[in-house]
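Dear colleague,

Please find the structure below, handed over for your own work. My findings follow it.

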Amino acid sequence: MMSFKVSHRFATLLPLGLVIALVGCGPSPSTSATATTETASAAPSSRSLMPSDPALKSLYIQSCYGCHSTGVAGAPRSGNQTDWAPRLQKGMDVLLSNTVNGLNSMPPKGMCMGCSEEDFRNLIVFLSGQSE
Ligand code: HEC
């Protein structure tokens with residue numbers, strides 16, 4: 001039957017829609033003032049933190065995310081103030097040039113060959129947790 005086929009196909013698409021909806025929603029900041037024991041788990045995770053700008057988000061996922069979301073090879077983790085505090089002291093110009101030229105295990109351009117200088121600046125602002 002035609003109607004059966006249609007609804008069946010719709011059912012297989014549902015889980016995909018759910019995944020997209022979940023990825024689309026960033027972590028909402030905790031509004032509870034009574035959370036005393038959940039400090040660590042309530043902090044926004046570097047893994048789920050995403051730029052709010054869709055274009056920047058896709059650049060981030062394609063390049064920086066692989067290392068900076070979990071801190072691969074000592075990469076400062078996205079939005080992690082402890083990781084970024086000493087880096088930020090170098091100033092944006094140094095961070096930008098180290099991003100473009102590479103630094104130790106950090107590959108030149110963070111493997112984003114299509115990123116403009118403007119993109120890198122925005123990505124660094126996001127990575128270092130300065131965008132909120
Ligand atoms: C292959 C893994 C990898 C990828 C991909 C990557 N990074 Fe990194 N990044 C690192 C590592 C490792 C470090 C720490 C380097 C060090 O200090 O030795 C780092 C450090 C940095 C720093 C700090 C530089 C400094 O002077 O302290 C910035 C800024 C940065 N990355 C930006 C980016 C951006 C923007 C992207 C995406 C376009 C990106 N990274 C992609 C691994 C990566």
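V72 lies in the loop that links α4 (65-68) to α5 (81-88). Please bear in mind that this is a predicted model. V72 is exposed, because 11 other C-beta atoms lie within 10 Å of its own, and a residue with 12 or fewer counts as exposed. Apart from its neighbours within four places in sequence, V72 is in contact with G66 and C67. In space, the C-alpha atoms of V72 and M106 are 9.7 Å apart, although 34 residues separate the two in sequence.

The axes of α6 (residues 92-101) and α7 (residues 117-127) come within 10 Å and cross at roughly 115 degrees. Helix α6 is therefore roughly perpendicular to α7, and the crossing in which α6 passes α7 is right-handed. On the α6 side, the residues involved are M92, L95, L96, T99 and V100, and they meet F120, R121 and I124 of α7. The residues of this contact comprise 6 nonpolar, 1 polar and 1 charged.

With kind regards

Terms used:
Residues numbered from 1 in each chain as written. Predicted model: local features only at pLDDT ≥ 70, side-chain atom pairs only at ≥ 80, totals over all residues. Axes fitted to C-alpha atoms, helices over the stretch in contact; angles between N-to-C directions. Helix = DSSP H or I, 4+ residues; strand = E, 2+ residues; numbered from the N terminus. Parallel < 35°, antiparallel > 145°, perpendicular 65-115°, else oblique. Left-handed = near helix turned anticlockwise from the far one by under 90°. Contact = placed C-beta atoms within 7 Å. Nonpolar A, V, L, I, M, F, W, Y, C, P; charged D, E, K, R; others polar. Buried ≥ 20, exposed ≤ 12 C-beta atoms within 10 Å, placed from the backbone.
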